[in-house]
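Subject: Structure handover

Hello,

Here is the structure I promised to pass on. Please look through it first; my notes follow below.

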Amino acid sequence: GDLARAEAAYRRTLELEPGHADAHYGLAACLHATGRSAEAEEHWRRYLELEPEGSHAASAAARLQAVR
């Protein structure tokens, strides 16, 4: 479905540009939506490392707190 296509697109983006913060955030959202919270957590953390003041920083931090 759409989540599978989105996940593939985010993964491809990260293959080409591993430091693409928004792709980490988007991939985390896809992973979380498909029940893979542990893997999502890694990508939310990476987003925060890359963009600690980014537009999704508060959301990523909140999601990390929620999965603990």
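A term first: a crossing is left-handed if the near helix is turned anticlockwise from the far one by less than a right angle, and right-handed if clockwise. H1 passes H2 in a left-handed crossing. Helices here are DSSP runs of H or I with at least four residues, numbered from the N terminus.

Some ground rules. This is a predicted model, in which local features need pLDDT of at least 70 and side-chain atom pairs count only at pLDDT 80 or more, while totals for chains, interfaces and linings use all residues. Residues are numbered from 1 along each chain as its sequence is written, and side-chain values use heavy atoms, with hydrogens and water left out.

H1 against H2
The two helices pack at an angle of about 150°, and their axes are 9 Å apart. Axes are lines fitted to C-alpha atoms, for helices over the stretch in contact, and angles run from 0 to 180 degrees between N-to-C directions. From H1, the residues that meet H2 are Leu3, Ala6, Glu7, Tyr10, Arg11, Thr13 and Leu14. Their partners in H2 are Asp22, Ala23, His24, Gly26, Leu27, Cys30, Leu31 and Ala33. Contact means heavy atoms within 4.5 Å. Ala8 also lies in H1. Ala8 is partly exposed, because its relative accessible area is 45%. (Buried means under 20% relative accessible area, exposed over 50%, partly exposed in between, with a 1.4 Å probe and protein chains only.)

H2 and His24
H2 has 13 residues, which should span 18 Å at 1.5 Å a residue; its end C-alpha atoms are 19 Å apart, so the two agree. The expected span is 1.5 Å times one less than the number of residues. Buried residues of H2 include Ala21, Tyr25 and Ala28. The buried residues of H2 pack against H1 (2-16), H3 (37-50) and H4 (57-67). Just after H2, Gly35 has a positive phi of about 80°.

His24 sits in H2. His24 counts as buried because its relative accessibility is 7%. Its side chain makes a polar contact of 3.0 Å with the side chain of His43. (A polar contact is a pair of N or O atoms within 3.5 Å; within protein, one must be able to donate a hydrogen and the other to accept it, and residues adjacent in sequence count only if both atoms are side-chain atoms.) Neighbours within four places in sequence aside, His24 also touches Leu14, Pro18, Arg46, Tyr47 and Leu50.

H3 has 14 residues and reaches 20 Å from its first C-alpha to its last, close to the 20 Å expected. Ala40, Glu41, His43, Trp44 and Tyr47 are buried in H3. The buried residues of H3 pack against H1, H2 and H4.

The largest nonpolar core has 13 residues. (Such a core is a set of buried Ala, Val, Leu, Ile, Met, Phe, Trp, Tyr and Cys residues joined through side-chain atoms within 4.5 Å.) Tyr25, Ala40, Trp44, Tyr47 and Ala60 have the most contacts inside this core. H2, H3 and H4 each supply at least two of its residues. H2 gives the largest share, six residues.

Tyr25 and Ala57
Residues up to four places away not counted, Tyr25 touches Trp44, Tyr47, His56, Ser59, Ala60 and Arg63. Ala57 and Tyr25 are 32 residues apart in sequence, with their C-alpha atoms 9.2 Å apart in space. Ala57 lies in H4. Ala57 is buried, as its relative accessible area is 9%.

Best wishes
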